[in-house]
Structure formats: C-alpha cells, structure tokens
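Please keep the sequence and the model in view while reading.

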Amino acid sequence: MRSILRALFPKDRRRTGKNAYPTQEELTPSPQPLSLEGRGARGEGRFVGRPRNAYPTKTEEGIRAHSRAPLRIIFMIASLLCANVLAQDFAVIAGKITDDVMHQVIAGVAVTVLPEGTTTISDSDGRYRIARVMPGTVSLQFASAFFVKTQSPAMLVREGEVATFDVALHPVTVKAATQTVSAERESDAGVQQYTTPQIRQSTRSDVGGFLNERGYQVQSDGRSQYLSLGGLSPQRTLVLLDGVRINPDGGAADLSTVSLSSIERIEVYTSGAAARFGDGALGGAVNIISRQTEPERNNGAALTSAVGSYSLTRESLQLTENDLAGLQLLGNYEYGFSRNDYAFAHPYLGEQHRADNFSRQAGYFLTLGHERLRSLTLSARHYDNHHGIPGAVLQETPTASARHVNTQFTANFATPALRIAGSYRELTQHYRDAQSVSRYDKHYLQVARQLDLEKQWSLWQRLDVTLGSQYLSENFFNDDRFRPQSSLPSISRKTSAVFGRGKLRQNLWLLQSAYSLAYRLDHVDGSTYGSPHLALSFSFDKCVDADITANYAESFCLPSIDALFWSNDVFAIGNPDLQSERARSRDVQLSVALRGRVTVTVQVRRFVNDVDGMIFWRQRFDGKYTPVNLARARIDGTETSLTVSTSNQRLSAQYHHTMQKPVNLSRAENYYGQVIPFQPDQSERMSLTFRLWRCKLEYAYSLTGARFIREANTKSLPAYHLHDLSLECQATLLGTHEVFALAVYNVGDVRYEILERVPMPGRSLTTSLTIQL
Amino acid sequence: MQFRYIMLVFTILFAQAAALTGDLIIVNGLGETADFVELTDSTIKQNVATLGLAPNDFLVASNTGIAINSISNDLYFFALPSMSPLGTLFLGNSRNPYTGTLIDNNNALITNLMSSTVTKVNIATRSVIGEYSVGRSPEGVVILGRNAYVCITNFDFGNYTYGQGYVQSFDLVSNVVVRTIPVGTNPQDIAFGYDGYLYVICTGNYAAQSGILYRLAPESGSVVDSLRIGGAPGSLAITRSGIMFLAAGGFVGHGEVYTVDLSAFAVLRGAGNPIYTGPGVTAVIAVSDSTVVSCNFSDDMITEIAPSGRILAIFRTGDGPVAAAKYPACYVIMGDADGSGEIDISDAVYLISYIFAGGPASVTVEAGNMNCDTGVDISDAVTIISFIFSGGAGSCGCAD
C-alpha cells in the first residue's frame, strides 16, 4: 500500500501537512527563459532551463494537481479492488529454538502458526522463519518427538512486522507406547516417520488415505484401504496399532478403520521390520501410534461432519479434557455410513446399479493418563465395520455382508530407558449370506494377549543398545453356523521372542555415519525363526543434504489358520503341510535435498526381495482352491520420489513412482518366469498443493499399472488413471476454529476394476466441516 | 445298376484313401484360453483364443466352436478352424453353465449348475431360445432323438451335500421333464454306448461313497445294471472298440484313468490298478475307435492312451486343461470308408474293392459300417449309393 501511494504521490507532490504544493518561496527563481526540448509543449518532453519555469506556478500546479487527483484516486481504488491477497503485506515470525537443559539448538522442530496452520521446520541452527503470517492474534506451537510440545502465549503481529520469538523446549520424559527415546529417529535406516503436523495437514480422514497421499501403494476397493510394501501383497504388510498387530489371520489390515484424528505418529518400515516386530512383515510394516494425553494440551473438542456421494455421511467427535481430578483424557468417536450404490457398465446388460454395497463404521478411542503417573498410559480402541459384499458383477450375491469388530486395550509404562506394555485384543469377523444358493454364515474370533519388555542404554553418546522380549498368546476360533461340522476347534499359537538392537553413530570428517544391527529370535509352536537386520547409512549436510543407506534383512510369515485348516468343502481345502514364507530383502537408497527458498528432495530406492515358500491359493482339477508354497519368487523394484516446496509452504509438489516385477522362479512348476499375479507393474502419484491465504488447493494424479490376474499371465487388467481435487479453508469465528473441505475424487469418472468383474464407483464428491472449540 | 457301380470300381480301383485328419480343441481352465492340437501332425498351438471366466467345456457344431464359461455365465463363439471370435451370448446371472451338447448343428442345449435349468441356444443367431427347469444342479447331458438325458447331481450348495442322484429325460419338443430315473450319488457324466445303452458315471461324494457306473435302457427308462468302480471318476469316454475310459483325477504324484469292458460290463483297470498318466485327470475324449486323450490338469499336459494303458503321445498345453473337443466333431463318419471326411461314391468303390477284390479295409473298422449293423458288407455299399443317388438314410453316426 505504501509503495503504491509513494508511486502515485512523489514526495515533492504529496500532501504532507499543511502545504500540498511547494510554496512560492521554495521555488528557486530562474533568470533563464524557458526552453524546451523536443516538441516542448508544456507537459511534454523535458523541461530544462530556469527552475522557476521548471515548476508550474501554484495556481497552475493547483489546477494540474487537482486535475490529476481524481485519476490517482481512481487508480488507487482500482488497485485496491483488483489487488489480490498476495499483494498485501503480511507479518513474519522468526526465532530460535533451544533446549532448556543444555541450551543447545534443536533442529527438526515443527513450528505451527495457530490458528491458520502454517508450519515450518527449524533448521540445523535451530532457527525458524515463517513468512506471510496473517496479521492478527496468533500463537505458535512447537512440536518435536523428543521435547514437550509447547505453545506460546498469544501475540499480536502487525502487517509488515517481523516478530521474533525464541523458545526453550523441555526434553520429553513420557511419550508414546512403543517409542524408546533415542532409537526411533527420522533418520533411522528403513524407517520413515510422519509426525503430528504432517498428519494434521492431510485432507484425508484415515491412515490409508494419508499414506496414499505420501505416495505409498494403497489398494482400495472403494471402501477398504490396504497397504502394499516391498512389491508384495497387502497380506504381507504388517500393521500394528501401538505395537499390537491388527492384521486378521492371514489377511490384510484395513487402514480405513484407523482414524487420523486419533493418531500421533506413523512409522513406515520398508526394511528390518521383522527384526523389530517378528512374524508377518515380509514386505514391511506400519506402526501407528495413538495420540497420548499431555498436560500441556489445551482442553477442547472438535466436531466433524461430512456428506458426500453415494449417500456418504460421516460424523466424528474428539474431546480433550485435562485435569479431571488429575486425570487427562483424550477421546475420539467416529461414525460413518455410505449406501454406496452406484452405476456400472455390465458387460452384457448395459448400465446397472450396484446395490447393497453399504458400509457402516463406528469407532471409539480413549486414552487416560494421570499427572502423577506420567509414565503410565491406558488406552482403549473399538471399531465396528459392517458392510455389504455384493461380490463380482457376474456372480451377484446381494444379501452377502461382512462385519469386523475389533477391541483393543493397552497399558503402557514407559520411562526414557524402560518400557513395559501389556495389551489385549479381540477381533471378530462375521461373513454371512443366508439367501443365495451357496449360503454361508462363518464366524471368526481372534484373541491376542501380548506383553512387551524393552530396556535401552545409551553409551558414550554414540551407541544405543536395546534389549527386549515379547510374549504373544493368540487363540483362533472358527465357527460355521450353517455347517457345524466344518467348524474348527480352538487353535492357539504362542510366540516367545527376544530381540536386540544396536546403533552406532560416528562422524567421518564431513560424513555422519550410522551402523545398525538388529536381531530378533521368535519361537512359535516349536519352531524358531531368526530375523536379522543390518543397515549402513552415510549422511552429508554441508552444501546439500545427501543420504545413502543400505539395508539387508530377513523375515518370515507364518501360514494362516485358514490356509492350514480350512475344512474340505466344495470351494476350498486347507493344506496342513504348508511351510512358512521366508524372505531376504536388500535395498539401497539415495536421497539428496537442496534447501533454500525452494527445497528440492530427490530419493531413489532400489530393492530386491527373494521369497521362499510364498503361499499362493491355486485351483485344483476338481475346482477347489488349496494353498501351496511356491518354491521361489523374486520381487525386483525401484521407488523414486521427488518433492519440491517453497520455504513459505505456499507451493509444494510431490511425485512418487514405483516400478516392480514379482516373478515366479519355481523351477519345479509350470510358471517359471511368469509374473506373479495381482500386483501392478507400476504405480505413480503426483500432487500439486497451493496454499493461498487460509486455503489449500490440491490436485492429485495417480496411476495404477496393469496387473496380471492369472498365474499363466494369459489375462490382465488394464492400468487406470485417477485425478482428484480438494480444497480446504480455515476460518476463526466467535472463538472457534472452522475447517471446511471439499473434495472431488476421480474427477474424470474413470470406470475401472481392481479385481476382475468388480467395478469401482466413479466420480465422488465429499464435503466436510470441522468445528474446533 | 450294380454293374455300373462295379465299373466305377475298376476305374478308381487304385484310388488312395485320404489321410486321416483330426484336431482337438483344448480348454485351459486356469489360463482361460484354448489350444488347438493337430493330431495328425502332432503339433499344438497354445493359447490361440481367450475364453471367458472358468471355462468348462467346448462344443463343435460344424465350423462353429462354442466355449461354455461357467463364472462369466456366457458362451463364446468361434469360427473353426481359425478360432477367430464370432461373438458371445450371455445366459443370465448366477447360471454357472456346466456343459452342453448339440441338439443339431443349429441348436445346442446347455445345463446350468446353479440355476438348475437347461438353456436352448440357437447357434447361428447366438440367442437363447428358452430356459427350462430341471432337477437340482444338473451336469452332464446327452441327446437321442427328441429326448435329452440330463444328469441331476442334486448337490445342495447350502450345506455342500449330495442328495439322491437322478437322470432326467427332458422332452426337447414339449420342454418338460418326462421321466426321472434314480441312480447313484453325484452323476456327473453320461454317454450312449455303441451297444444302445445309456451309461452314467456316478462319482460319489468324495468321501464314504465312491464311483459307480450305471447302465440304463433309454426306452424303458430303467436301470439295467450297475458296476462299482471305486475312486472318484467324473468323466467318461466310450470307444468303438467297446472300452470305456474314465477320468479319475489323481492329483498327488500321478493321474488316474480307469477302463471298463462294456461288453463284459467288467472293470479292466480300476482304483486298485489304474492307468497312470499326468496328475489331475479331469476329462477323457475318444480320438479313435480304441484310444482316448486325457486332459491332465495339474501338469498342463494331454496324453493319448491305449486300452492297454500305454501312453501313445504327450502334448504340453496351456494352463490347466479341463476339457477337449474334436474338430471336426466326428473324425470318421460311419460310411466314410476311405476317411476322406465325407461320404461320397469313392467310399462305395472303396468298400466294393475291399469286399470283392481284396482291397484295403476301411480306415477304421467301423468306418465302413454305413448302416450300423453287425459288420462291413455289401449292404453298406448299397446304403452309400442309395444315400448319394436316391436320398436314402445318411450315416448312422461317428466311427470314433
């Protein structure tokens, strides 16, 4: 604004004080006659000659000034009307972050401006800077995994002002259930961590949607979300909630059932997951850490309501209450319903409607802590997921439904060097179709009890050693209500495990190096499995940030109870002679980041997984499916990602590409060299995000490559491309914080199949409103 | 008249019979493709056509092939021998078409396992003529005259049990079931023997009840005899030589084929001493008057087998062969003495040469038996001539 005024009204012409124009006395008399260059008409060319005549007389000036004034005013008004927000002046907030014990700078702290949500990360000098802060009353939130989350007092920032706020953070003493103080850092080889600020910025409501945004391969049937790591199927990705596995027996974990609002941190393990978690992590693992109570957290509530296509409705309520007679409480309730009926193109009957595809989800989450027992946290989770499963297009079973009910209790006692956790989990799965020709009514119940013990030492400020043990007792019940003779008696499985991890950090001139060795020994029902993990990483952070990491790991996956003991029926028969799957994986990753006004990060990861005994359900000559062990399979792949973002977070772009080829190398079989079906040959995701004032606009593109659907590679499903758009805006009204979101998924209304003859819904629209008190 | 024909004999006395030709179309159930096998050249072309979901069977109607796809509930039509697609026909949701047979060269009858119906299909127009109810869970079917004989397995998908098995006689004119004949458990396949009887193989329930072969008299609709086979045979093929071959599965180590001497109605090779071949034998089909080809699902092979059990030929197929069909539908027609592929005057000359002048015998023993009586004699030559010049009765059937 000031610059516009200066341009319109130069100093010698602007109105200052009383005299708008120079007085007669101020004018310098000139004895020389006026002479002009050029055409010389007054007001054109240049005036030279006597200064007196260089300036118009007062009267003339007054006339000319007055005659120009309306134009200037009009121009000013027009400029104001046409000016976009970017032309406005904002405030800047900067500062330095240190700890209050050693007074050393802290890098990697997420600094968030509240309520607008702009976030930045402190650099290696502990400094942060947030440009383009909306003038007004704001506060700053400082979040780091290793320091107590802190919020500054409210401060008033004016436009054009550069406010400074230095802060000293206190090291954390009690944190999340499965974290040990120094072992889990973002730079750990084979692990990628996503913290609260990143999670809160997501426009998705569940963990599956969040990981999809980050470029991971998430397979969806339009309702459930399954993560695929390492080129392997989602059944071989282990998902844990606070250290407790939530995969159904032999199945993939549905990440759509875990609400993002109840999550504090997500750890994605692309290597070495078995050395940490044991069975089932052939492709990798995801450990989801629930939100914990914190005395520093303000009391509050947040209500979200969403509606969308296919009769979608979703409600969630989040409550935070501190100091209920010393108790801290954090609770979350979510309910979602979608009728999910949609049109699809039947191969013979033309446009049809896919009905009875309803989905109903209800979830509860509760965490309790006490200010006097800050090392102890109790948490409980429950979700109930009931949905219709009309089946493939040409085999309609309109009355079929499935219901999954999961309940989990966890008690966690954690100090900086010791963690003891106990948990109880109960998963019920109910599959039913009482009216079709092939009726079924099957109930599955899994009960798991787990006890974890972990002790950590930090030696010489360079070496972290962790030793621990785990005991897991599982019971499986399988009840066939229509055919009781097919029910299984209770089957139990007990796992005892010990593990050790060591990490040595060392500076080699300009390089920071880290050497990790981990080993876990599992004893399960009389068999013993060892899972080693070796990792080397070298980092360089002078002119550019560069990391190179190499991993080698071994893992195992036990056969599921269904695969072993499925009762002989017309569709399938189990195989009690199945062997466990074993994998050897190795990968090399290079990442380079250039940081400045624009930060560019490039990451390339090359991985190879050799899997022995991969379990595959194959059809027999009598039409029954039975699981068999493939002697050898190899999954070869490359993951590439590129992220570009401006320092003020106004613009960011991400690109992720995965190319993989899983090949059957079983020489004794008829499929040697064939691609193992159902995994796409490539996947790609690109997103562009614009932040403007208090709004965020995002465009996302995704590609899922072609998939073979027969072991002989005689048939495949084609690739499909999807485009999504989302808009999110924030506002503050009457002391509450509102977030409005509008999303259009599959803008192009692409009709695709994720499985043969299972069509997905087309374009969908979702709107949501969140009110935070 | 006969003199003229004898003269014709001398003019073409040294005429050589055409070489025997025959192709097989193999249905690969796992790969969902079809292979084309040329038996005379011993060559196979794998995956020459893509089929629907879970193909079960293949029919040949003159120069049109029909693939029966159970999960996709449709039929795929192909031009033969090129296997170029002609079109598809959707039978309706949740039908699960199992197998079929030709009513004539223009019409086919398909059994629908899940809907417990049979569907009449017009081949030329690729359209459904009508769908009619039969007993629960029908499978094999064969046609004689105006009657279709349908195997009713009575399988209950709700509790996975087999009820009483039947053979139902379905009138193709009135489109209703006219007779129900009780047989054993799980009758899966049915065929007419060259002895005029109807043979049904009841597989059993894969547990306590094992395979039993039933012999029926179609006119009276009664069970004439039964023979305990053992094991779980599910498919049958009858050769002109009077030997029945049964596909009996076997998926651990080796596949099993049983044989039965129909004239003696006795088991030659049974569950105790089966013919061993590739594992997972799902189907057998007669390819000559004495040999069959078995489809070995588990090792992706088909094998030609002699009654002695000797393996005569092996072909590697696509993924999971489950069924086979002959192209042409008859390799040798009764009366096609020289194996030329059609009945013409050269067949008459061929027979006369054989009968009177010591010429070569017909390409197969039964190929010269135009009138399907007790053997090859001058009456067959007369019948051929009558067929050609006076519009008399044509061939009485296949010679293979």
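## Chain A as a whole

How many helices and strands does chain A have? Chain A has seven helices and 46 strands, where helices (H or I, at least four residues) and strands (E, at least two) are DSSP runs numbered from the N terminus. This is a predicted model, in which local features need pLDDT of at least 70 and side-chain atom pairs count only at pLDDT 80 or more, while totals for chains, interfaces and linings use all residues. Residues are numbered from 1 along each chain as its sequence is written, chains are lettered from A and ligands numbered from 1 in the order in which they are written, and side-chain values use heavy atoms, with hydrogens and water left out.

Of the 773 residues of chain A, 50% count as buried, that is, under 20% relative accessible area with a 1.4 Å probe and protein chains only, exposed being over 50% and partly exposed in between. Among contacts in chain A with a separation of 6 or more, 59% come from residues 24 or more positions apart, a contact being heavy atoms within 4.5 Å.

## Strand β46 and its partners

Strand β46 of chain A (residues 764–772) runs antiparallel to β19 of chain A (residues 300–308), to which seven bridges join it; two strands pair if DSSP finds at least two bridges between them. Within this pairing, Leu769(A) is the bridge partner of Ser305(A).

β46(A) also pairs in the antiparallel sense with strand β43 of chain A (residues 736–745), over nine bridges, and here Leu765(A) stands opposite Val744(A).

## The contact of chains A and B

The contact takes 26 residues from chain A and 37 residues from chain B. Between them the chains bury about 2,700 Å², 57% of it on carbon and sulfur atoms, buried area being the accessible area (1.4 Å probe) that two parts lose on being put together, summed over both.

Two salt bridges are found across the interface, each a side-chain nitrogen of Lys or Arg within 4 Å of a carboxyl oxygen of Asp or Glu. Lys715(A) forms a salt bridge with Glu32(B), with the closest N and O atoms 2.7 Å apart.
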